[in-house]
Amino acid sequence: MVIKQATTSDLDAFYELFTEIMHEGYAGYTPSLINHFLTKDYNKTNFFLWLERFFRNIYIAIESEKVIGFIVGDYTYGGVAFISWLGVKEEFRKKGVGLSLYSVYEDFAKTKKAHLIELYTYPKVEPFYLKLGFKRVGVREQGYFGQKNYIMNKKLGEWDESALSS
Ligand SMILES: CC(C)(COP(=O)(O)OP(=O)(O)OC[C@H]1O[C@@H](n2cnc3c(N)ncnc32)[C@H](O)[C@@H]1OP(=O)(O)O)[C@@H](O)C(=O)NCCC(=O)NCCS
């Protein structure tokens with residue numbers, strides 16, 4: 001398996017897996033919410049623009065020339081790196097792919113001098129993030145899109161004002 005930073009030329013292969021994992025019912029989202037994400041907030045055009053303008057960073061895991069996993073995060077803001085999406089193709093789960101994708105993003109966050117990584121997740125997935133070293137710092141009973149959100153952080157270091165120029 002190889003992990004690489006996606007560019008706009010990887011968009012189709014990334015988006016094919018993103019769509020597949022969304023249709024599985026990512027995090028318990030309803031079919032209408034998934035349809036909303038795929039046609040509006042997270043459609044392919046938006047991902048193209050985010051990649052092209054370096055608004056979001058995507059790493060993809062590749063096995064036998066196929067994309068089998070992805071992680072989507074930002075480029076850090078105020079020393080905090082935010083992860084928005086992580087997915088591994090079903091038949092490749094529990095083999096360390098999610099952990100490897102996360103590790104590459106964490107390394108990237110360190111190059112940006114981030115002191116914290118943040119995400120929100122769902123009760124079913126929390127054990128995975130606990131294994132990666134995250135701590136739950138809060139709960140929203142009705143958070144984004146009405147879901148129960150577990151807000152999780154992983155501390156990488158101390159806030160460093162010189163990070164502003166990274
Ligand atoms: C969550 C997900 C990304 C994990 O990817 P993965 O490749 O299966 O994870 P890994 O194999 O790297 O697992 C790392 C560790 O976490 C554990 N783990 C993975 N998924 C877990 C889960 N759902 N519950 C508890 N532990 C889990 C693994 O057993 C492994 O532990 P070990 O090192 O002690 O064996 C994957 O299950 C997935 O794509 N799910 C659907 C989409 C999703 O829910 N994304 C996250 C939403 S916030």
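## Legends to close-up views

**Figure 1. Strands E2 and E3 form a hairpin with 2 residues between them.** In the turn, serine 64 has a positive phi of about 50°. The model shown is a predicted one: local features require pLDDT of at least 70, side-chain atom pairs count only at pLDDT 80 or more, and totals for chains, interfaces and linings use all residues. Numbering starts from 1 along each chain, following the sequence as written. Helices (H or I, at least four residues) and strands (E, at least two) are DSSP runs numbered from the N terminus. Strand E2 covers residues 56–63 and is joined to E3 by 8 bridges, the two running antiparallel. Within this pairing (two strands pair if DSSP finds at least two bridges between them), isoleucine 58 stands opposite valine 72 of E3.

Figure 2. The strands run antiparallel and are joined by 5 bridges. Isoleucine 71 has leucine 86, in E4, as its bridge partner. Apart from neighbours within four places in sequence, isoleucine 71 is in contact with Tyr59, Ile83, Leu86, Leu101, Tyr102 and Tyr105. Contact here requires that the C-beta atoms of two residues, placed from the backbone, lie within 7 Å.

**Figure 3. Strand E3 is largely enclosed by the rest of the structure, because 7 of its 9 residues (66–74) are buried.** A residue is buried if 20 or more other C-beta atoms lie within 10 Å of its own, exposed if 12 or fewer, and partly exposed in between; these atoms are placed from the backbone. Glycine 73 belongs to E3 and counts as buried, having 25 C-beta neighbours inside 10 Å. Residues up to four places away in sequence aside, glycine 73 touches Arg56, Asn57, Ala81, Phe82, Ile83, Ser84 and Tyr105. Its C-alpha atom is separated by 10.0 Å from that of phenylalanine 108, which is 35 residues apart along the chain.

**Figure 4. Seven strands make an open sheet: the 7 strands follow the order E1-E2-E3-E4-E5-E7-E6, with mixed pairing.** Strand E1 (2–5) and strand E6 (135–140) stand at the edges with a single partner strand each, so one side of each has no neighbour in the sheet. From one strand to the next, the twist averages 25°. Helix H1 packs on this sheet and touches E2, E3 and E4, its direction making about 85° with that of E3. Helix H4 lies across E1, E2, E3, E4 and E5 and runs at about 35° to E3. For these angles, axes are lines fitted to C-alpha atoms (for helices, over the stretch in contact), and values run from 0 to 180 degrees between N-to-C directions.

**Figure 5. Strand E7 pairs with E5 and with E6.** E5 and E7 run antiparallel and are joined by 6 bridges. Threonine 121 stands opposite tyrosine 150 of E7, and leucine 116 has lysine 155, in E7, as its bridge partner. E6 and E7 are also antiparallel, with 5 bridges between them. Glycine 138 is the partner of isoleucine 151 in E7, and arginine 140 that of asparagine 149. E6 is hardly covered: of its 6 residues, the count of buried ones is 0.

**Figure 6. Isoleucine 117 lies in strand E5 and is buried.** There are 25 other C-beta atoms within 10 Å of isoleucine 117. Residues up to four places away in sequence not counted, isoleucine 117 touches Ala81, Ile83, Glu106, Ala109, Asn153, Lys154 and Leu156. The C-alpha atoms of isoleucine 117 and glycine 78 are separated by 11 Å, with the two residues 39 residues apart along the chain.

**Figure 7. The largest nonpolar core holds 32 residues, of which Ile58, Tyr59, Ile60, Phe70, Ile71 and Leu101 touch the most other members.** Two or more residues of this core come from each of helix H1 (11–23), helix H3 (44–52), E2, E3, E4, H4, strand E5 (116–121) and strand E7 (149–155). Such a core is a set of buried Ala, Val, Leu, Ile, Met, Phe, Trp, Tyr and Cys residues joined through C-beta atoms within 7 Å.

**Figure 8. Around the ligand stand 18 residues, of which Arg93, Gly98, Leu99, Pro127 and Phe128 come nearest.** Strand E4 (80–88), helix H4 (97–111) and helix H5 (126–131) are the elements that give two or more residues to this shell. A residue is near a molecule if its C-beta atom, placed from the backbone, lies within 6 Å of it. By class, the shell divides into 10 nonpolar, 4 polar and 4 charged residues. Ala, Val, Leu, Ile, Met, Phe, Trp, Tyr, Cys and Pro count as nonpolar, Asp, Glu, Lys and Arg as charged, and the others, Gly among them, as polar.
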